[in-house]
Amino acid sequence: MRLRTLLHATVVVLAVVAMAAAAHAADKVRVVTTIPDLKSLTEAVGGDLVDVESLTRGTQNFHEAEVRPSMMLKLRRADLLIENGLELDAWVDVAVQGANNANIVRGAPGRIEIARNVPILEVPSTRVDRSMGDVHPLGNPHFSLDPGLAPVITENILQGLVRVARQHRAAFEKNRQAFLAGIDSEMARWTKAMEPVKGAKIVVFHPDFIYFVTRFGLVQIGTVEDRPGIPPSPGHLVRLIEQMKQEKVKAVLVEPWNDKKLAERVAQEAGAKALVFASAVGAVKGADNYIAAIDYNIRMLAEALK
């Protein structure tokens, strides 16, 4: 009898714990981001008050993400959708349409575009079309690679969270300020680490890195691709390698999802090194959050370019 009573009490306790956990989870703001950088930054602002999922992985080319039913399922439950904008994640509109969630359609309170108020680089000054390759008609959308833009990006995230959970504004603001204080501390260290290689010339495979390059004073002299997203011609590679030799380029930056073998061949022929760049959170081992991803790139480049 005592054993039965004990078992009954244990079941009751477990049930209460499960109900409390479920209630706690229900209290959290359910956020979906299009890319993992925004997931990490949203977690920094939201803390324990958010449950965040990303629709893509850091090892992917975000432009070419394939819309899947699993994306629609995540979006169906979302209170807030945070997108990058500038057509990096234009595919998300298809996923939203399939999710049947009125909270996150374009124009709804639960839809936030992070590009707002970001100073955009490489905005075309002339008309662009598909013959020019995978160009960025609204400007380069890879601004999350610049930690100096964290204040603007996290302010947009904060405003999005407040729109759907106004009661937590004070907690969100406190989390954001603590995160930005950490960024400021890291930025001082990163800037010092990159100071000896300031002005170093690099080549990139695809035009993803201009915000990072500009922030830390590197000089991008060319791309392995002749046109964005299109395999380079032999003639382009010959000219690029010769230019790299003349300008003593030490590094070719390549994304984890791109043609690393070609990057290595170009680098070897030019007397440089091919470096796999953490083009997003989760792109390489160790780049598990926003600060870790930036730190990985700083340490790698500071060593390779010295």
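Modeller: The lining of the second largest cavity divides by class into five nonpolar residues, four polar ones and one charged one; please keep in mind throughout that this is a predicted model.

Colleague: Which residues line the second largest cavity, and what is its volume?
Modeller: The volume of the second largest cavity is about 50 Å³, and the lining is made up of Ile35, Asp37, Phe62, Asn84, Leu88, Pro141, His142, Ser144, Leu145 and Ser279.

Colleague: And how many cavities of 30 Å³ or more are there?
Modeller: There are three cavities of 30 Å³ or more, and the largest cavity holds about 70 Å³ of space. The lining of the largest cavity consists of Gly58, Gln60, Asn61, Phe62, His142, Leu145, Asp208, Trp257, Ser279 and Ala280, which by class comes to four nonpolar, five polar and one charged residues.

Colleague: OK, stepping back, how many helices and strands does the protein have?
Modeller: The protein has ten helices and eight strands, and 49% of its 306 residues count as buried. If you take the contacts between residues at least 6 apart in sequence, 61% of them join residues at least 24 apart.

Colleague: Switching to aromatics, how many aromatic pairs are there?
Modeller: The count comes to four aromatic pairs. One of them joins Phe209 and Phe277, whose ring centres are 4.5 Å apart and whose planes meet at 50 degrees, so the pair is classed as tilted. Phe209 sits in the loop between β5 (201-204) and α7 (210-215), while Phe277 sits in the loop between β8 (273-276) and α10 (290-304), so this pair ties together parts that are 68 residues apart in sequence.

Colleague: What does the pair of Phe212 and Phe277 tie together?
Modeller: Phe212 lies in helix α7 and Phe277 in the loop between β8 and α10, so the pair ties together parts that are 65 residues apart in sequence. Phe212 is buried as well, with a relative accessible area of 0%.

Colleague: Which residues do the ring pairs link into a cluster?
Modeller: Phe209, Phe212, Phe216 and Phe277 are linked into a cluster by ring pairs.

Colleague: Next topic, then: where is Ser40, and what does its side chain do?
Modeller: Ser40 is located in helix α2, which covers residues 36-46, and a polar atom of its side chain lies 2.9 Å from the backbone nitrogen of Tyr290. Once the neighbours within four places in sequence are set aside, the residues in contact with Ser40 are Val281, Asn289 and Tyr290.

Colleague: Why does Ser40 count as buried?
Modeller: Ser40 counts as buried because its relative accessibility is 13%, and the cut-off for buried is under 20%.

Colleague: What about Arg111, is that one buried or exposed?
Modeller: Arg111, which is placed in strand β4 (residues 111-113), counts as buried, with a relative accessibility of 7%. The C-alpha atoms of Arg111 and Ile82 are separated by 6.1 Å, although the two residues are 29 residues apart along the chain. Apart from neighbours within four places in sequence, Arg111 has contacts that include Leu80, Leu81, Glu83, Asp93 and Arg163.

Colleague: Last one from me: which residues other than glycine have a positive phi?
Modeller: Among them are Asn100, with phi near 55 degrees, and Lys248, where phi is also near 55 degrees. Asn100 is placed in the loop between α4 (92-99) and β4, whereas Lys248 is found in the loop between α8 (234-246) and β7 (251-254).

Colleague: And how accessible are Asn100 and Lys248?
Modeller: Asn100 counts as exposed at 71% relative accessibility, and Lys248 counts as exposed at 66%.

Technical notes: Residues are numbered from 1 along each chain as its sequence is written. This is a predicted model: local features need pLDDT of at least 70, side-chain atom pairs count only at pLDDT 80 or more; totals for chains, interfaces and linings use all residues. Side-chain values use heavy atoms; hydrogens and water are left out. Helices (H or I, at least four residues) and strands (E, at least two) are DSSP runs, numbered from the N terminus. Buried means under 20% relative accessible area, exposed over 50%, partly exposed in between (1.4 Å probe, protein chains only). A polar contact is a pair of N or O atoms within 3.5 Å; within protein, one must be able to donate a hydrogen and the other to accept it, and residues adjacent in sequence count only if both atoms are side-chain atoms. Contact means heavy atoms within 4.5 Å. Rings of Phe, Tyr and Trp (its six-membered ring) pair if their centres lie within 6.5 Å; planes under 30 degrees apart count as stacked, over 60 as edge-to-face and the rest as tilted. On a 1 Å grid over the protein atoms alone, a cavity is a set of points where a 1.4 Å probe fits but cannot get out, and a pocket is an open set with protein on both sides within 12 Å along at least five of seven lines; lining residues have an atom within 4 Å of a point. Grid points are joined across faces, edges and corners, and a volume is the space filled by probe spheres set on the points. Ala, Val, Leu, Ile, Met, Phe, Trp, Tyr, Cys and Pro count as nonpolar, Asp, Glu, Lys and Arg as charged, and the others, Gly among them, as polar.
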